[in-house]
Amino acid sequence: MEVILAFVIGVLYAAGLYMMMRRNIVKLIAGLALLGYASNLLIFTISRLTRGKPPLVPLGASLPPEPFADPVPQALVLTAIVIGFGMLAFAIVLVRRVYQTVGTDDLDEMTATDA
Amino acid sequence: MPDMDILLILPIAIPLVTAIIGMFAWRSRRIQRYISVVGTFGILASGVAILFAILDEGIIVTNIGDWPAPFGIVLVADLLSAIMVIMAGLVGVSVVIFSLASVDELRRSFGYYPVVLFLLMGVCGASLTGDMFNLFVWFEVLLISSFVLMVLGGEAFQLEGAIKYFSLNLLESAFFLTAIGILYGLTGSLNMAAIAQILPTIEQGGLVMVLAMMFLVVFGIKAAIFPLFFWLPSSYHTPPVAVTTLFSGLMTKVGVYALLRVFTLIFTTETDFTHTLILVISGLTMFTGVIGAVAQYNFRRLLSFHIISQIGYLIMGLGLFTVGALTGTIYFLIHVIIAKSALFLVSGVSNMVSGTYDLKKLGSLYRAYPSLAALFLIPALALGGIPPLSGFWAKLALVQAGLDAEAYIIVAVSLIVSVLTLFSMTKIWAEAFWKDSPKQSDEDIQRNRDAIEPGRMVLLITPILFLAALTVILGIWAEPIIDVSRQAAEQLMNPDGYITAVLGGGVE
């Protein structure tokens, strides 16, 4: 399962970076979203994938019985998802406003601030 | 010690509470104005209090929610953190006072002041946290606030700059998250002190090096170092000048702070490679930055390229990696934040009286408005490194450290860049202040100046005067500040003190 997820994560990173290099701003934002998902999945995978084994410490022991999934990264992923959601919402509004005011969705035409 | 616990929370709680009050008082611009001044002065005061507390009794640590150190989130303040909080307060105070007279009604009515406070909260939080993931969260807090400030007003020019700023900074967050994930996978901890203890025992040296490079790229994008700075000059000159000042004073410097923290505390095992690389990058950063600046004819864009050049000086000290060099870096950090903010504010006032940022169209300001010219000259000369102003001592400390470390090439580069810095400052002087204005007569400029009501004028000039006076004071009474910088550098170079303060002996 880890191997499959490793490939999925790799493909997500590659797809995200590829989308970011397109000239269309909508694709740029989609690429950023994919990158966010890739890093979330990476952290999720790092915590080990174990199903149906809550990491509860039995009475008298100091560690939960192996194998267990580390809950900390899952908490991190939850936080990161929430932050990513906020950023994405902002991005979508920004793209809309840019298209309305600048009048183009092509990044190559947005050179006014570089002159 | 409960009083100490409260002390470290203050720089985060004060802007948070004042921003929330500002949000509730959405329709009352007057309350928002007063509360934001109170908030920024509060940050400044709490920063000074933390500084003196550290000078008295060493590094302060607060366990949030009383969870013991490697498990909960900790706030840690060493001298560098305290200096960052004070600088956030100083820039915050100056920018908010300047904003009272310069930011237009449209922006104010959409929560300009609360967002400034949220941004300052992010800066303080990032400077005080001792937890890797918490650092990420604070970075996001200051990023989202900076996005809002960047687009507030919604002019086409601004939005175009915002797209560039937004996408590169979001790329940085994604990389940051990835790097944190791998770091946690390697060490099993997010506490910086615990990571610093565990990382040298990790056998996969290659992976550790990959991580070091990832953090260099992540904080490098934030700090705008050599190949990663392109977002900065294409976005920083688009929002109102008060916002540009706030960004130039704090955003890149938080990146430098994070680099300093990570590369003195965590990645210190292979300094031959990592710190030499940082040194090479620092030379390229200062050189490309200043070359970009020399070619510019827009007041604010020229200054934006200078930010990059100065980042090179800041990480030069990190690359040399000695106490003397880091002393120079920390003193330089204080100097550049103050001098740069003053220059941006001057550019704002000259835009108000002349109606443009274009150096070709500016002119005659020396004759028509001599006091503004004097206020420009002081920080400009400080930036060029003219004694006895602050920039001279900052550069002297770095050059001396470079000579001690026998890094002659970087010393030569830094001196050449210093001359070019002075050259580009004289260029602004010659174009904006000395030559005759191509469009306006002196009377036009004076009429524009007199059209600003005296009350507003005081609010515009006071922060510039305050910052310019600080550069002079920093230069003439440099010794106590250099002394504090040296102590801060010693704390950075001896991370054991930091680790013991956080973990109290060792990881169980």
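This note goes through a predicted model point by point.

1. Ground rules. The model is predicted: local features need pLDDT of at least 70, side-chain atom pairs count only at pLDDT 80 or more, and totals for chains, interfaces and linings use all residues. Residues are numbered from 1 along each chain as its sequence is written, while chains are lettered from A and ligands numbered from 1 in the order in which they are written.

2. Overall form of chain B. Chain B holds 21 helices and 2 strands. These are DSSP runs, numbered from the N terminus: helices are H or I with at least four residues, strands are E with at least two. The C-alpha atoms fill a box of roughly 75 × 55 × 40 Å along the principal axes.

3. Burial and contacts in chain B. Of its 508 residues, 62% count as buried. Buried means 20 or more other C-beta atoms within 10 Å of the residue's own, exposed means 12 or fewer, and partly exposed lies in between; C-beta atoms are placed from the backbone. Take contacts between residues at least 6 apart in sequence: 80% join residues at least 24 apart. A contact needs C-beta atoms, placed from the backbone, within 7 Å.

4. B:Asp5. This residue sits in helix H1 (residues 2–24) of chain B. B:Asp5 is partly exposed because it has 15 C-beta neighbours inside 10 Å. Its C-alpha atom is separated by 5.4 Å from that of B:Thr62, 57 residues apart along the chain.

5. H6(B) and H7(B). Helix H6 (residues 132–151) and helix H7 (residues 156–187) of chain B have axes that come within 10 Å and cross at roughly 175°. That makes the pair roughly antiparallel. Axes are lines fitted to C-alpha atoms, for helices over the stretch in contact, and angles run from 0 to 180 degrees between N-to-C directions. Under 35 degrees counts as roughly parallel, over 145 as roughly antiparallel, 65 to 115 as roughly perpendicular, and the rest as oblique. The contact of H6(B) with H7(B) has 16 nonpolar, 4 polar and 1 charged residues. Nonpolar covers Ala, Val, Leu, Ile, Met, Phe, Trp, Tyr, Cys and Pro; charged covers Asp, Glu, Lys and Arg; the others, Gly among them, are polar.

6. H11(B) and H17(B). The axes of helix H11 (residues 271–294) and helix H17 (residues 408–434) of chain B come within 9 Å and cross at roughly 20°. The two are therefore roughly parallel. Their contact divides into 11 nonpolar, 5 polar and no charged residues.

7. Where chains A and B meet. The contact takes 27 residues from chain A and 27 residues from chain B. On the side of chain A, H3(A) gives the most, with 14 residues. That side divides into 19 nonpolar, 6 polar and 2 charged residues.

8. Backbone points to check. Most residues other than glycine have a negative phi, and most peptide bonds are trans. A cis peptide bond joins B:Pro387 and B:Pro388, with omega about 5°. A:Arg48, not a glycine, has a positive phi of about 70°. A:Arg48 lies in the loop between H2 and H3 of chain A. B:Glu406, also not a glycine, has a positive phi of about 60°. B:Glu406 is exposed, with 7 C-beta neighbours inside 10 Å.

How values were computed
Two residues are in contact if their C-beta atoms, placed from the backbone, lie within 7 Å.
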